[in-house]
Amino acid sequence: MPPRVTFQPCGWQQNEDTPLSSEYDFALVNIGRLEAVSGLSRVQLLRPGSLLKFIPEEIMIHGRDFRLLRVGFEAGGLEPQAFQVTMAIVQARAQSNPAQPYSGITLSKAGQASGSRKPPVPLMETAEDWETERKKQAARGWRVSTVNERFDVATSLPRYFWVPNRILDSEVRRAFGHFHQGRGPRLSWHHPGGSDLLRCGGFYTASDPNKEDIRAVESMLQAGHSDVVLVDTMDELPSLADVQLAHLRLRALCLPDSSVAEDKWLSALEGTRWLDYIRACLRKASDISVLVTSRVRSVILQERGDRDLNGLLSSLVQLLSAPEARTLFGFQSLVQREWVAAGHPFLTRLGGTGASEEAPVFLLFLDCVWQLLQQFPADFEFSEFFLLALHDSVRVPDTLTFLRNTPWERGKQSGQLNSYTQVYTPGYSQPPAGNSFNLQLSVWDWDLRYSNAQILQFQNPGYDPEHCPDSWLPRPQPSFMIPGPPSSVWLFSRGALTPLNQLCPWRDSPSLLAVSSRWLPRPAISSESLADQEWGLPSHWGACPLPPGLLLPGYLGPQIRFWRRCYLRGRPEVQMGLSAPTISGLQDELSHLQELLRKWTPRISPEVHSKKRDPHTILNPTEIVGILKDQFHPFWITRC
């Protein structure tokens with residue numbers, strides 16, 4: 001298990017019901033910056049291998065997850081050990097290897113027998129899990145393939161996945177060999193109205209498939225539908241390098257000691273491009289949702305590697321189109337299936353291997369989900385606090401969920417581990433007893449890290465399950481599941497549909513073997529979304545009204561907001577005033593705002609002051625916002 005540092009404040013006791021829970025815990029890989037402080041002005045940045053030049057009164061640990069932990073050493077108490085503790089952290093960071101193989105931990109909760117704990121969410125590691133989910137989606141034209149059961153087709157794919165009923169496993173094996181990294185077309189989600197959403201890697205155009213292989217590839221892409229839309233996932237969306245650079249700029253901007261002037265802060269936020277990338281993802285996901293829900297067809301998401309943007313778009317499309325995915329259980333199942341089981345390289349993308357391919361695509365996805373939660377609060381069963389817990393869990397080295405790049409790597413981790421967390425306590429040098437673990441964990445075992453009261457905050461009190469009608473499902477067409485080639489094939493790229501003469505780049509054109517999978521000229525980028533263009537569909541398909549159950553988010557200007565509760569956690573003063581999760585919390589914030597209003601009464605504008613209100617009278621919301629805008633930093637009170 002990767003090393004970590006845990007502090008025990010005075011009076012703090014470990015909760016036996018949540019043995020992994022601690023607000024004062026940091027994995028070394030999660031420490032972005034370590035600072036020692038003495039007095040009001042003496043600050044030393046401590047890099048791995050640095051030598052501390054003074055005895056600190058306080059150390060500040062800045063997490064890569066935007067958390068800030070400030071640890072003060074009391075005079076006459078821990079101060080003699082302050083130097084020793086700080087240098088121990090510095091040396092541990094110098095000795096830790098980001099590329100070391102993570103093991104996760106196993107744990108036995110008190111009173112439970114080994115192996116008796118059922119995963120709270122299907123981990124999609126067995127054929128039974130996939131068959132159960134297939135039946136739940138009523139995907140009758142699909143079956144569970146076992147062709148990759150030994151990971152001999154692709155180590156980045158799950159052991160099992162869904163393929164059309166009429167395709168044999170021998171054909172699947174041959175067809176997948178003509179796609180990048182062996183990631184051929186598979187069902188991602190079956191729409192209740194009949195459409196199928198597939199995902200696959202880019203065509204391996206250097207291969208030379210025979211007629212039977214091409215026929216199998218086309219049959220898998222067609223999936224029995226008469227209309228097929230191939231979506232170029234990478235168009236209009238940021239590259240991995242773009243995502244990484246934007247996230248680094250965002251982290252630098254949100255540090256407490258950011259050098260950006262207050263009046264330039266919002267401009268600097270726009271300059272990170274983070275919000276632009278969220279906007280692009282939501283727009284593209286909205287367009288794909290329109291394609292999936294408007295008519296019965298096969299919609300294929302194609303990305304060269306099929307492990308990053310395909311997962312992001314597939315997940316967003318299901319959130320926009322399927323009410324089940326917006327429940328707490330459904331969302332966790334969605335992440336497990338479309339990200340974990342599908343082989344998203346979490347360890348590499350989150351910087352756990354030391355490779356140059358770091359890019360927090362999954363964190364970008366969580367921000368997109370947060371945007372949906374703000375725009376459609378009654379449609380989601382889970383809350384912002386659940387998203388925060390999931391956001392922080394990617395940096396917690398306790399489970400294998402985010403500590404591996406592929407299902408094959410997770411499958412190699414077997415056996416039972418004995419591990420414990422070393423906690424520095426003055427006067428004690430022995431590890432705590434009773435911490436032998438014998439149960440493999442997943443990130444969804446929330447009750448081992450969060451109390452029941454905290455887990456209750458995962459529920460959205462404004463969720464209305466009756467808010468999602470069932471009458472919006474598209475009507476199945478007679479042409480569904482017909483044999484033979486599709487009657488219409490389209491490429492969706494840059495906001496427009498372009499007709500294709502063929503699905504595969506190899507058929508009837510040997511010269512195409514030398515080009516990439518993007519083998520057609522690009523139409524001009526449309527200024528309107530697909531829905532704004534009256535669904536952007538050919539006239540012979542007829543008019544199709546917007547389904548009332550489909551969520552189409554706004555993505556223009558201020559409709560995309562800044563996730564303050566996540567990114568500004570290192571600035572506690574900014575957090576005050578955000579909506580609290582409980583009634584008592586709201587009362588505390590209301591009292592705080594009233595106190596601020598009393599404090600600033602002499603500086604209230606003449607228009608408000610002339611009303612001669614009683615100082616204990618609560619002003620209306622418009623007056624409160626106006627006063628706070630005049631007196632405080634703009635991003636304190638603006639939900640950007």
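1. Which residues does His391 touch, not counting residues up to four places away in sequence? The model is a predicted one, and in it His391 touches Asp65, Phe66, Leu363, Leu366, Cys566 and Arg569. The residue is found in helix α12. His391 counts as buried because its relative accessible area is 1%, and buried means under 20%.

2. The protein as a whole should be kept in view when reading the local points. Its secondary structure comes to 20 helices and 14 strands. Of its 640 residues, 54% count as buried. Among contacts between residues at least 6 apart in sequence, 73% join residues at least 24 apart.

3. The helix that carries His391 has a packing partner. Two packed helices are described by the angle between their axes and the distance between the axes. For helix α11 (residues 361-375) and helix α12 (residues 384-393), the angle is about 175° and the axes are 10 Å apart. Helix α11 is therefore roughly antiparallel to α12, as an angle over 145 degrees counts as such.

4. The contact between these two helices can be listed by residue. Helix α11 contributes Phe362, Leu363, Leu366, Val369, Trp370 and Leu373, and these meet Glu384, Leu387, Leu390 and His391 in α12. By class, the residues of this contact divide into eight nonpolar, one polar and one charged.

5. Cysteines deserve a separate remark. A disulfide is a covalent bond between the sulfur atoms of two cysteines. The count of disulfides in this model comes to zero. Cys281 is in no disulfide, and the nearest cysteine sulfur, that of Cys368, is 4.6 Å away. Seen from Cys368, the closest cysteine sulfur is that of Cys281, and the distance of 4.6 Å is too far for a bond, because the cut-off is within 2.5 Å. Cys281 counts as buried, at 0% relative accessibility; Cys368 likewise counts as buried, at 0%.

6. What is the order of the strands in the open sheet of six? The order is β9-β10-β12-β11-β13-β14, and the pairing is mixed. At the edges are β9 (186-190) and β14 (496-499), each of which pairs on one side only. On average, neighbouring strands of this sheet are turned by 25° against each other, direction ignored.

7. Strand β10 (residues 196-200) and strand β12 (residues 298-302) run parallel and are joined by five bridges. Leu197 has Val299 in β12 as its bridge partner. Helix α4 (residues 211-222) lies across β10, β11 (227-232) and β12, and runs at about 110° to β12.

8. Trp162 may also be inspected. This residue lies in strand β8 (residues 161-164) and, at 1% relative accessibility, counts as buried. Leaving aside residues up to four places away in sequence, Trp162 touches Trp130, Glu133, Arg134, Gln137, Trp142, Arg143, Val144, Arg186, Leu187, Ser188 and Arg337. Trp162 and Thr146 are 16 residues apart in sequence, with a C-alpha to C-alpha separation of 9.2 Å. Among the residues that Trp162 touches, Arg186, Leu187 and Ser188 fall within the range of edge strand β9 (186-190).

Methods
Residues are numbered from 1 along each chain as its sequence is written. This is a predicted model: local features need pLDDT of at least 70, side-chain atom pairs count only at pLDDT 80 or more; totals for chains, interfaces and linings use all residues. Side-chain values use heavy atoms; hydrogens and water are left out. Axes are lines fitted to C-alpha atoms, for helices over the stretch in contact, and angles run from 0 to 180 degrees between N-to-C directions. Helices (H or I, at least four residues) and strands (E, at least two) are DSSP runs, numbered from the N terminus. Angles under 35 degrees count as roughly parallel, over 145 as roughly antiparallel, 65 to 115 as roughly perpendicular and the rest as oblique. Contact means heavy atoms within 4.5 Å. Ala, Val, Leu, Ile, Met, Phe, Trp, Tyr, Cys and Pro count as nonpolar, Asp, Glu, Lys and Arg as charged, and the others, Gly among them, as polar. Two strands pair if DSSP finds at least two bridges between them. Buried means under 20% relative accessible area, exposed over 50%, partly exposed in between (1.4 Å probe, protein chains only).
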